[in-house]
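This briefing accompanies the sequence and structure shown below.

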Amino acid sequence: MSYHEEFNKNVGRCVAIRCHDGTTHYGYIDHCDRDNVYLRPMEGGGNDGPGFGNYFFFGAALIAVGLASIAAYSWSPFFFW
């Protein structure tokens, strides 16, 4: 199963995504297109990097993470850091 299919099936779920460059992004999956997964950041931040750009959608920032840059991900209802 591809990242695209996996993230589309789990919209709204909390995820931690680690990229090949070592950055880790925490948030809720907002949506996923052919090239990126868009995360709604968790309150309190916790992201190591900005992804491939911050997008503003109805006043809330979304983090776009390129599917090709993903090294690993994990599901969780919440994360402690």
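Two residues are said to be in contact when heavy atoms lie within 4.5 Å. The structure is a predicted model. The protein contains 1 helix and 6 strands, in the order α-β-β-β-β-β-β along the sequence.

**Overall composition**

- Of the 81 residues of the protein, 38% count as buried.
- The accessible surface amounts to about 4800 Å², and carbon and sulfur atoms contribute 55% of that area.
- Among contacts with a separation of 6 or more, 54% are between residues 24 or more positions apart.

**Strand E1 and its partners**

- Strand E1 covers residues 14-19 and is mostly covered, with 5 of its 6 residues buried.
- E1 runs antiparallel to strand E2 (residues 24-32), and 5 bridges join these two strands.
- Within this pairing, Val15 is positioned opposite Gly27 in E2.
- The two strands E1 and E2 form a hairpin with 4 residues between them; in the turn, Gly22 has a positive phi of about 95 degrees.
- E1 is also joined by 5 bridges to strand E6 (residues 70-75), again in an antiparallel arrangement.
- Ile17 has Tyr73 in E6 as its bridge partner.

**The largest nonpolar core**

- The largest nonpolar core consists of 12 residues: Phe7, Val15, Ile17, Cys19, Ile29, Cys32, Val37, Leu39, Ile63, Val65, Leu67 and Ile70.
- Two or more residues of this core come from each of E1, E2, strand E3 (36-41) and strand E5 (60-66).
- E1 gives the most to this core, with 3 residues.
- In soluble globular proteins, nonpolar side chains tend to be buried together.

**Ile70 and Val65**

- Apart from neighbours within four places in sequence, Ile70 is in contact with Tyr3, Phe7, Ile17, Arg18, Cys19, His20, Val37 and Val65.
- Val65, one of these contacts of Ile70, is found in strand E5.
- Val65 counts as buried because its relative accessibility is 1%, and the cut-off for a buried residue is under 20%.
- Val65 and Ile17 are 48 residues apart along the chain, and their C-alpha atoms are separated by 8.6 Å.
- Both Val65 and Ile17 belong to the largest nonpolar core, and Ile70 is in contact with each of them.

Notes: Residues numbered from 1 in each chain as written. Predicted model: local features only at pLDDT ≥ 70, side-chain atom pairs only at ≥ 80, totals over all residues. Heavy atoms only, no water. Buried < 20%, exposed > 50% of the residue type's maximum accessible area, 1.4 Å probe, protein only. Areas by Shrake-Rupley, 256 points an atom, 1.4 Å probe, with all protein chains shown as cover. Pairing = 2+ DSSP bridges. Core = buried A, V, L, I, M, F, W, Y, C linked by side-chain atoms within 4.5 Å.
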